[in-house]
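User: Hello! I am new to this structure and would like to go through a few of its details with you. Could you help me read it?

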Amino acid sequence: MNLKLSSKAKTLADLAEVITSAKVLPLVRFYANEYYYKKRDILSECISHFGGNVVVRSSSINEDNEETSNAGGFESVIDVPLNEKDIDRAIEKVIDSYSESLNEGDEVLIQPMLKNVSKCGVIFTADLDTLSPYYIINYDESGSTIGVTGGTGYNLKTVISFKNNHETKQTFITKAIQTSKECEVIFQNEHLDIEFAYVNEEIYILQVRAIVRNNKNDLSKIYLDDSLNKLNKKIKKLNAPHPKLLGSRTIFGVMPDWNPAEIIGIKPKRLAVSLYKEIVTNEIWAYQRDNYGYRNLRSFPLLVSFLGVPYIDVRVSFNSFVPKKLHSSIASKLVEYYLDELVNNSSYHDKVEFEIVFSCYYFGIDKKLKKLAKSNFSDNELKRIEYELLELTNEVINTGSGLYKKDLSKLSFLEEKFNSIVDSDLAIIDKIYWLIEDCKRYGTLPFAGVARAAFIAVQILNSFVSEKILTESEKNRFLNSIETISKELNKDRKLLNKYQFLEKYGHLRPGTYDICSPRYDEAYDEYFSGFTHEVGSESFEFSQGQKDRIEKLIVESGLKCNFDELIQFIRESIEGREYAKFSFTKHLSQILNYIQDFGAELGFSKEDLAYLNIMELKSLYSTLDHRDVYNIFKEDIDKNKNCYQLTQAVKLPSIIYNASDIYQFSLQEEEPNFVTLKSITAEVVDLEFQEQADLDGKIVCIQSADPGYDYLFAKNIAGLITCYGGANSHMAIRCAETGIPAVIGCGESMFNKYKCVDKLFINAENKQIKIIS
């Protein structure tokens with residue numbers, strides 16, 4: 001029997017007659033405009049029909065239709081006592097919510113209040129944004145029937161299952177999908193929004209409506225089966241032991257190590273991801289690790305792309321954090337331990353270097369290493385790990401000839417190289433080629449080195465806190481005393497005129513690798529109008545007692561420095577990391593500008609060029625064949641546009657442990673990184689959809705912690721929330737510097753919740769976020 005979706009009440013009444021895989025609660029329904037002259041009969045029917053408390057629900061023809069859901073537009077009253085007075089009051093409240101929009105077809109729906117609810121939520125039988133073929137099951141286990149839909153549920157869980165997946169991992173999920181499939185058949189509609197409750201292993205359907213398809217990027221016709229099956233085979237191959245890698249298996253994640261989710265996003269277009277690979281993750285990352293005393297992984301790409309989604313090969317990453325002089329037997333055990341730890345602590349995937357990996361020496365590391373004893377590491381093996389990390393760290397931190405100093409000195413060549421190319425008479429293709437090559441050699445390579453040094457600096461600084469030498473507040477004050485390029489930008493905004501300011505900072509753009517992201521000098525007013533935020537530096541002085549304790553630890557540890565040299569290293573490496581990033585992005589931004597100019601001559605927009613693989617363009621420097629350049633570009637852009645349609649349609653997990661994870665997975669409940677110890681209550685702005693909003697005094701939600709969003713600190717924002725980003729990300733550091741409370745890397749599930757509310761309370765010290773309204 002095929003049914004037609006109608007009002008909430010009629011749809012449930014019709015469905016109750018035919019559904020076999022789930023139940024529909026008994027109901028009483030009546031037209032709202034008939035209530036006042038049929039009140040006695042209706043109330044009497046309710047009393048006789050139900051045996052306990054009820055829920056009184058709206059059922060308007062202006063909600064739950066194919067044009068608009070109008071979800072939450074009208075009242076529902078839950079847990080109403082079974083007596084005429086309370087039911088009458090609840091009915092009138094629902095009818096009053098219709099107000100002037102009351103139509104003849106508007107009804108009121110009354111059902112028994114469900115008890116002993118173990119799970120409750122919503123099933124979408126297609127992706128809400130693309131209508132691609134997935135079941136998306138969002139639920140909580142609080143016992144409430146409105147936690148998910150009302151936005152008040154905590155610890156929400158989301159399971160995403162490809163429609164043609166034949167393996168489900170929970171009985172409840174199996175039943176939910178079975179019910180969804182039956183509803184799709186009954187209503188002859190593949191795009192349904194089903195509210196449900198789960199009681200005593202039975203699914204109860206509370207509502208069925210169509211997913212509104214207006215203004216959607218409809219990718220429902222894209223066939224994903226073959227692509228996912230190929231990816232399944234690829235992951236199985238990559239997950240096998242490798243003769244040149246330690247570790248019996250691998251894991252793939254979007255946030256560990258060089259964190260592509262933060263830098264280029266989860267679904268970057270081809271130009272962005274190919275540039276990121278070329279100047280960082282193909283070779284440069286491994287050269288830096290090798291140079292700094294870690295294992296040589298020079299032939300291994302760090303980033304792999306699965307159907308357009310960039311992942312870090314975590315086994316490769318973990319190998320690259322092992323000191324190269326550590327005996328192979330210990331090294332092998334260490335990598336296996338790291339992999340096991342990530343499997344058991346998935347919330348650490350954006351902070352593996354802080355919570356899982358031992359990649360440098362810091363005070364108190366001997367106590368931290370003791371947890372390895374539970375994984376059968378001997379005392380001698382622990383001593384060897386500590387010793388090799390100490391030796392490696394000493395090679396980095398020397399303020400005279402340390403590795404970080406050598407990398408900082410290389411940056412001095414970058415501006416000279418930039419000017420020599422830009423001012424030359426080279427053809428534009430040649431300029432792009434050499435800007436890329438110089439950016440790698442004199443930009444991203446030393447940046448990677450200084451960034452590693454800065455990580456070591458932060459680990460040592462954190463150890464001052466864990467060793468009770470500094471408080472968390474004192475650590476933040478010390479960080480705020482460091483003079484970074486970001487602070488300089490804010491000061492220069494006041495000191496320099498517009499021309500001078502853009503001469504220095506105009507190359508920056510929020511999407512560092514995104515050709516479609518306007519530079520500061522292309523959208524100055526958009527980024528800096530209403531500039532009010534002052535960023536001052538705090539002065540911080542260590543007390544004599546703190547100096548003495550640190551000096552004592554240095555002597556006892558074997559670090560080859562004194563107190564002053566160690567603090568100099570910490571300051572210089574953190575300042576240097578920000579400066580190095582600022583410097584190499586000038587090359588990168590100019591590369592994007594030249595690509596835009598060259599493409600424009602051929603008739604391509606920058607939106608088209610975002611799909612161009614940088615290697616196609618680079619190859620023109622040394623290769624000439626029979627094809628016209630326009631055709632070369634057009635063929636590559638068209639191919640990548642088609643591939644990107646699939647990228648938009650596919651849904652993949654942020655961590656892949658097994659090949660089967662690509663068919664069904666749960667969104668990670670990430671442990672967010674809280675910054676500062678402050679508390680704030682403020683209105684929320686989702687920057688993706690409210691770019692022109694007044695940000696003054698607002699909590700701003702952005703997808704990733706991309707450093708190009710630095711302009712936000714000129715807007716006097718009250719707080720920041722990012723979906724992606726780690727404890728050591730640029731925006732985390734900037735928020736710590738400026739004293740702005742932030743929640744960095746809260747994860748997809750919570751971010752999608754927070755960005756849609758009106759007001760939030762953030763208590764960074766207590767690591768709490770609460771929805772105010």
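Analyst: Happy to! A residue is called buried when its relative accessible area is under 20%. Keep in mind that this is a predicted model.

User: Thanks! Is I421 buried or exposed?

Analyst: I421 has its place in helix α15, which covers residues 412-422. The cut-off for burial is under 20% relative accessible area. I421 has a relative accessibility of 6%, so I421 counts as buried.

User: Which residues does I421 touch, not counting those up to four places away in sequence?

Analyst: One of them, K431, is 10 residues from I421 in sequence, with 6.1 Å between their C-alpha atoms. A contact needs heavy atoms within 4.5 Å. With sequence neighbours up to four places away left out, I421 touches K431, W434, L435 and D438.

User: How do the rings of F30 and Y35 pair?

Analyst: A search of the whole structure finds 35 aromatic pairs. F30 and Y35 form one, with 5.6 Å centre to centre and 25° between the planes. Both F30 and Y35 are buried. Planes under 30 degrees apart count as stacked, and the pair of F30 and Y35 is stacked.

User: How many residues apart in sequence are the parts that F252 and F306 tie together?

Analyst: F252 and F306 form an edge-to-face pair, 5.0 Å centre to centre with 75° between the planes. Both residues are buried. F252 lies in strand β11 and F306 in strand β12, so their pair ties together parts whose separation in sequence is 54 residues.

Technical notes
Residues numbered from 1 in each chain as written. Predicted model: local features only at pLDDT ≥ 70, side-chain atom pairs only at ≥ 80, totals over all residues. Heavy atoms only, no water. Helix = DSSP H or I, 4+ residues; strand = E, 2+ residues; numbered from the N terminus. Buried < 20%, exposed > 50% of the residue type's maximum accessible area, 1.4 Å probe, protein only. Phe/Tyr/Trp six-rings, centres within 6.5 Å; stacked < 30°, edge-to-face > 60°.
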